[in-house]
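Have the sequence and the 3D view ready, and follow along as we go.

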Amino acid sequence: MADLKAQIIEQLNLQEITPESIGDDQVLFSKEGLGLDSIDALELIVLLQQHYNIRIANPEEGPKIFQSVRTMAAYITAQQTVKA
Amino acid sequence: MNIYINGTGCISPQETAQGGPLLATPREYEQVRLSTVDPDYKQWIDVKQIRRMSRVVKMGVGAANLSLEAAGVTTPDAIITGTAYGCLDDTGVFLTKMVNQQEEMLTPTAFIQSTHNTVAGQIALLLSCNGYNNTFVHRGFSFENALQDAIMILKEGSAKHILAGGVDEITNYSHALLSRFGLYKKAPVKTMEVLNSPSTGTIAGEGAAFFTLGITKDPGTVAELTGVSTLYKPLWEGEVIGHIMKFLEEHYCTPADIDLIVTGRNGDIDQDEIYEEVAAALFPDHAEACFKHLCGEYPTAAGFGVWMANGIIAEQAVPEAAEFYGKAPKKINKVLVYNHHQGTHHSLVLLTAC
């Protein structure tokens with residue numbers, strides 16, 4: 001998950017944020033959490049395609065997948081398992 | 001109706017964002033490309049928003065905020081910018097990704113931020129300003145046309161305060177491309193010596209200058225924006241001289257009424273010739289100040305010149321770093337800024353003390 005956090009920070013150009021400062025279960029899209037917005041959601045979709053060759057087939061799954069770093073990591077692992 | 005400059009803000013290769021006496025401690029460079037001295041932009045922009053902003057957006061937002069703060073205006077009625085190059089850096093990022101990734105998986109941020117009106121848009125978003133928002137992309141007239149638009153809107157009475165300014169950045173890509181055209185000196189020169197350089201080419205620059213214009217003057221207002229005029233591709237120096245005479249007549253003055261000329265000399269012997277001819281014909285005994293050795297050459301550099309002219313009227317003195325010829329009179333009432341960009345775009349801005 002540390003790698004994924006580093007990739008998120010780089011993709012979204014999150015300044016003054018380190019992988020350690022992002023909690024595994026911290027909510028990504030809320031002011032109380034990381035405070036990401038809709039443009040960041042698009043960036044995260046591109047991140048999954050670029051780094052993991054994963055395309056989100058059903059957009060309605062987005063809110064669940066991008067709830068936190070842990071849910072993202074779980075989705076990536078599940079997709080890689082399916083492909084294997 | 002008079003148009004007043006109620007506040008100014010400038011971010012440039014000099015320490016212009018810090019306030020204090022005008023260009024009291026000029027930065028001297030020995031290079032052919034000058035970059036802005038950036039203030040801490042976080043004083044104006046939230047960390048979460050700043051991460052998406054390229055340098056040109058940040059310098060535009062910074063200069064705009066400085067200008068509004070100086071004028072005591074929180075939300076202007078209109079925002080008008082001028083930029084020739086726009087958001088070059090993000091355009092480069094987007095195009096590079098497009099090529100490298102074979103037009104697939106393109107990220108939205110660089111695309112969104114690569115349009116020319118991004119600066120004006122971001123200023124409006126940060127100020128929650130829903131008023132008129134326009135950007136002029138007219139090469140060497142971009143800044144001047146932004147001012148012209150602001151003057152017309154103020155004169156028709158549809159706004160009381162307008163934020164108008166010019167901004168341009170230089171990037172590695174653009175500098176490399178423009179260098180191929182022979183626009184810049186072949187070897188580094190000391191900026192304080194560039195105006196007397198005996199060679200062609202100049203030094204590249206960048207920056208942002210914004211002005212809060214209004215129809216009433218505030219206690220801190222020092223100058224009136226008396227007039228702006230442009231002349232495209234004059235055939236010979238006589239056309240420029242005639243244009244300046246006509247411009248001054250339109251504003252009920254003659255060359256004798258001008259206390260100081262501020263010219264856009266940039267150290268290119270070919271391009272500076274016209275300034276010599278104009279000065280010899282119309283202003284032979286006038287004091288002359290220059291600014292492009294301080295900010296570098298870029299299409300909206302006249303914004304720095306107007307910012308400096310306003311500062312000269314405020315202090316009633318020409319900073320030593322800007323002096324080129326003669327001594328200005330003790331009372332500096334009218335300042336004429338005459339600039340041209342690459343010999344094709346000539347502009348005049350007349351300021352009057354108030």
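This is a predicted model: local features need pLDDT of at least 70, side-chain atom pairs count only at pLDDT 80 or more; totals for chains, interfaces and linings use all residues.

## Starting from one histidine

Setting aside the neighbours within four places in sequence, B:H116 is in contact with B:T83, B:G86, B:T135 and B:V137. To find B:H116 in the view, look in the loop between α4 and α5 (118-127) of chain B. Is this histidine buried or exposed? B:H116 counts as buried, because 20 other C-beta atoms lie within 10 Å and the cut-off for a buried residue is 20 or more.

Next, turn to strand β2 (residues 78-82) of chain B. Five of its five residues are buried, so the strand is largely enclosed by the rest of the structure. If you look along β2(B), you will see that B:A78, B:I80 and B:G82 point one way, while B:I79 and B:T81 point the other way. Both sets are buried.

Which strands pair with β2(B)? One is strand β3 (residues 132-136) of chain B, which pairs with β2(B) in the parallel sense over five bridges. Within β3(B), the residue standing opposite B:G82 is B:F136. Another partner is β4(B), and here too the pairing with β2(B) is parallel and runs over five bridges. On that side, B:I79 has B:L163 of β4(B) as its bridge partner.

Chain B has 11 helices and 11 strands. Its C-alpha trace spans about 60 × 45 × 40 Å along the principal axes. How does the radius of gyration of chain B agree with that of a compact globule? For 354 residues, a compact globule would have a radius of gyration near 20 Å, and the 19 Å of chain B agrees with this. Of the 354 residues in the chain, 53% are buried. Contacts in chain B also reach along the sequence: among those between residues at least 6 apart, 79% join residues at least 24 apart.

Chain B is divided into two parts, domain 1 (4-214) and domain 2 (223-353). The centres of these domains of chain B, taken over C-alpha atoms, are separated by 21 Å. Where they meet, 48 residues of domain 1 of chain B are in contact with 39 residues of domain 2 of chain B. On the domain 1 side, the elements that give two or more residues are β1 (4-11), α6 (142-156), β4 (161-168) and β5 (207-214) of chain B. The most comes from α6(B), with six residues. By type, the residues on this side of domain 1 are 26 nonpolar, 18 polar and four charged.

Let's move over to chain A. Its secondary structure comes to four helices and zero strands, and from the N terminus on, the order is α-α-α-α. The radius of gyration of chain A is 12 Å, close to the 12 Å that the globule rule gives for 84 residues, so chain A is as compact as a globular protein of that length. Along the principal axes, the C-alpha trace of chain A spans about 35 × 25 × 20 Å. Of the 84 residues of chain A, 21% count as buried. Among contacts in chain A between residues at least 6 apart in sequence, 52% join residues at least 24 apart.

Finally, bring both chains into view. How many residues of chain B are in contact with chain A? Nine residues of chain B touch 11 residues of chain A. On the chain B side, α1 (47-50) and α4 (108-112) are the elements that give two or more residues. The most comes from α1(B), with three residues. The chain B side divides into four nonpolar, two polar and three charged residues.

A last word on confidence. Chain B averages a pLDDT of 96, and 100% of the residues score at least 70. The model as a whole scores ipTM 0.76 and pTM 0.93.

Methods. Residues are numbered from 1 along each chain as its sequence is written. Chains are lettered from A and ligands numbered from 1 in the order in which they are written. Two residues are in contact if their C-beta atoms, placed from the backbone, lie within 7 Å. Ala, Val, Leu, Ile, Met, Phe, Trp, Tyr, Cys and Pro count as nonpolar, Asp, Glu, Lys and Arg as charged, and the others, Gly among them, as polar. pLDDT is the predictor's confidence in each residue, from 0 to 100. The radius of gyration is taken over C-alpha atoms; the globule rule is 2.2 Å times the number of residues to the power 0.38. A residue is buried if 20 or more other C-beta atoms lie within 10 Å of its own, exposed if 12 or fewer, and partly exposed in between; C-beta atoms are placed from the backbone. Domain bounds come from an automatic or database domain assignment. Two strands pair if DSSP finds at least two bridges between them.
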